[in-house]
Each structure stands twice: as C-alpha cells, then as structure tokens.
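Hello,

I am handing over the structure we talked about, and I hope you enjoy looking through it. Please open it first and then read on.

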Amino acid sequence: MYVVCNDHLTEAIDEFVEVYEQPPDIYELDSVSFSDWIAPSICDKCDKGPKYLVV
Ligand SMILES: [Zn+2]
C-alpha cells in the first residue's frame with residue numbers, strides 16, 4: 001500500500017506493479033475513509049501532503 005502525492009502517483013503505481021504483478025486500485029484520499037486506519041500526513045516519497053491511496 002502506498003500513500004502518495006500527485007507527483008509520486010506514477011512512481012507508486014510502477015512500484016506496485018513490480019511488487020505485486022498486478023495493477024493497483026487507486027483512491028483519492030478525500031473520497032475514502034477507513035474506520036481503523038488514519039491516513040498519514042505526508043507522502044511516502046516526499047514531505048508533501050498525500051492525495052492518493054494505491055492499494
Ligand atoms: Zn510525493
């Protein structure tokens with residue numbers, strides 16, 4: 001699972017495909033909420049606010 005900003009979305013998708021050998025589902029963080037999961041406040045790849053969840 002990756003939580004990334006706009007700039008790192010492509011990179012996260014590439015990594016996901018490499019690791020899991022299948023395309024990820026991509027969600028906008030604004031439009032999803034999980035009761036037992038709190039979105040990190042920064043991107044996995046940089047210090048910006050994350051925008052997408054790649055799972
Ligand atoms: Zn980023």
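Predicted model: local features only at pLDDT ≥ 70, side-chain atom pairs only at ≥ 80, totals over all residues.

Residues are numbered from 1 along each chain as its sequence is written, and side-chain values use heavy atoms, with hydrogens and water left out.

Let's start with the zinc ion. Its protein donors (N, O and S atoms within 2.8 Å of the metal, or 3.2 Å for Na, K and Ca; with no water among the atoms, sites may look incomplete) are Cys-5 (SG), His-8 (ND1), Cys-43 (SG) and Cys-46 (SG), at 2.0 to 2.4 Å. Along the sequence, their spacing reads C-x2-H-x34-C-x2-C. The arrangement is tetrahedral because the 4 donor atoms subtend angles of 100 to 117° (for four donors, all angles must lie between 85 and 135 degrees).

Now for His-8, which sits in the loop between strand S1 (2-4) and H1 (helices, H or I, of at least four residues and strands, E, of at least two are DSSP runs, numbered from the N terminus). Leaving aside residues up to four places away in sequence, His-8 touches Cys-43, Lys-45 and Cys-46 (contact means heavy atoms within 4.5 Å). His-8 has 15% relative accessibility, so it counts as buried (under 20% relative accessible area; exposed is over 50%, partly exposed in between, with a 1.4 Å probe and protein chains only). Cys-43 is buried too, at 3%.

Finally, Ala-12 belongs to helix H1 (residues 9-20) and is buried at 0% relative accessibility.

Best wishes

Technical notes. Tetrahedral: all angles 85-135°; square planar, octahedral: opposite > 155°, others 65-115°.
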